[in-house]
Amino acid sequence: MDLRRLVTLKAIVEEGTFARAAQKLCCTQSTVTFQIQQLEQELDLKLFDKIGRKMVLTEQARNMLPHVNEVMRVMEGLRQSVKNTSSPSGELRIVSGETLLSYWMPEILKRFKIKAPGVRIFLQSLNCYAIRDALLNDEADLGIFYRVGNDISLKMKNIELCPMVLVTSPEFSGADFTRHNQHVPVSFIINEPQCIFRQMFESTLRKRGITIDNTIELLSIESIKHCVAANLGISYLPRFTVERELLSGSLREIPFSETPASITAICGYHSGKCVSPSMKVFLECMQEYIVENEVITNANYKAIGP
């Protein structure tokens, strides 16, 4: 298969018309038309339908597009390896959980941009289940999220074991969540229903026969913490997200389990994907940050005390 035809196909998808694709590829429109005709003959399928002034992929063509994108990324990786350069180029698609995006990703991306200034980053925040699906469907190159299973189609690298903590305002009192079969008159402030730590907390309450007044759903982790600090309810969060507030006293930890539960933060990518130079640099930056962050975290645990 002539790779130029795949490049032409990708350009049309990105630009919307044959004419703009020709401009992007620095060729004539007739050349673009010829390349697509040849590709259609080779694959024995129709690639585009014309809707108005735009060329829209047929359903069969949409199904093959992820494979086309993967071929382009493999070619970019080959070019990078031949150049033998420490500064990769191209694009890197990253999806991340909201808490990890807020607390870890800015510093990791800062390091990455220094080491790989030529890479275009596409970054999106999704819940963990949507991240897993995005990786499986080749809609993202790397996912930074909490483990939600052991999918054999993904390669997953454990980043850190994140202890969970039940937090309240300093004014909150009178509730013992370790006691079974009771109603606690309080609001639970947390993310959407597919939030991993929300599911953990609610599952534990059901097992213990504990009910609460209601659940308040907020998108932002910062909004959740501010509402808890204002004594509007309680929340169940990874400890690293509330370390500063626990140190300052604006939030207080209360007992929830004899042995604190933990969730595993991971970095995952499709098992069939070749690790590109940009992916490799990002993974290195992430590892550097985690090693340094462990030292900071351990120091904070000692400061908080039992």
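This is a predicted model: local features need pLDDT of at least 70, side-chain atom pairs count only at pLDDT 80 or more; totals for chains, interfaces and linings use all residues.

Tutor: Residues are numbered from 1 along each chain as its sequence is written, and side-chain values use heavy atoms, with hydrogens and water left out.

Student: At what angle do helix 1 and helix 3 pack?

Tutor: Helices (H or I, at least four residues) and strands (E, at least two) are DSSP runs, numbered from the N terminus; axes are lines fitted to C-alpha atoms, for helices over the stretch in contact, and angles run from 0 to 180 degrees between N-to-C directions. Here helix 1 (residues 3-15) packs on helix 3 (residues 29-43) at about 115°, the axes being 9 Å apart. That makes helix 1 roughly perpendicular to helix 3, given that angles under 35 degrees count as roughly parallel, over 145 as roughly antiparallel, 65 to 115 as roughly perpendicular and the rest as oblique.

Student: Which residues of helix 1 and helix 3 make the contact?

Tutor: With contact meaning heavy atoms within 4.5 Å, helix 1 contributes Arg4, Arg5, Leu6, Thr8, Leu9 and Ile12, while helix 3 contributes Val32, Gln35, Ile36, Gln38, Leu39 and Glu42. By class, this contact of helix 1 with helix 3 has six nonpolar, three polar and three charged residues, where Ala, Val, Leu, Ile, Met, Phe, Trp, Tyr, Cys and Pro count as nonpolar, Asp, Glu, Lys and Arg as charged, and the others, Gly among them, as polar.

Student: How do helix 2 and helix 3 cross?

Tutor: Their axes come within 8 Å and cross at roughly 105°, which makes helix 2 roughly perpendicular to helix 3. Phe18, Ala19, Ala21 and Ala22 in helix 2 meet Gln29, Val32, Thr33 and Ile36 in helix 3, and the residues of this contact divide into six nonpolar, two polar and no charged.

Student: Where is Cys26 found, and is it buried or exposed?

Tutor: Cys26 is found in the loop between helix 2 (18-25) and helix 3, and has a positive phi of about 60° although it is not a glycine. At 73% relative accessibility Cys26 counts as exposed, where buried means under 20% relative accessible area, exposed over 50%, and partly exposed in between (1.4 Å probe, protein chains only). Asn231, in the loop between helix 9 (221-229) and strand 9 (235-238), also has a positive phi, near 65°, and is partly exposed, with a relative accessible area of 35%.

Student: How many aromatic pairs does a search of the whole structure find?

Tutor: A pair of aromatic rings is described by the distance of the centres and the angle of the planes. Rings of Phe, Tyr and Trp (its six-membered ring) pair if their centres lie within 6.5 Å, and planes under 30 degrees apart count as stacked, over 60 as edge-to-face and the rest as tilted. The search finds twelve aromatic pairs. In one of them, the rings of Phe18 and Phe48 have their centres 5.9 Å apart and their planes at 75°, so the pair is edge-to-face. Phe18 is buried at 12% relative accessible area, and Phe48 is buried at 5%.

Student: Which aromatic cluster is formed?

Tutor: Phe177, Phe188, Phe201, Tyr236 and Phe256 form one aromatic cluster.
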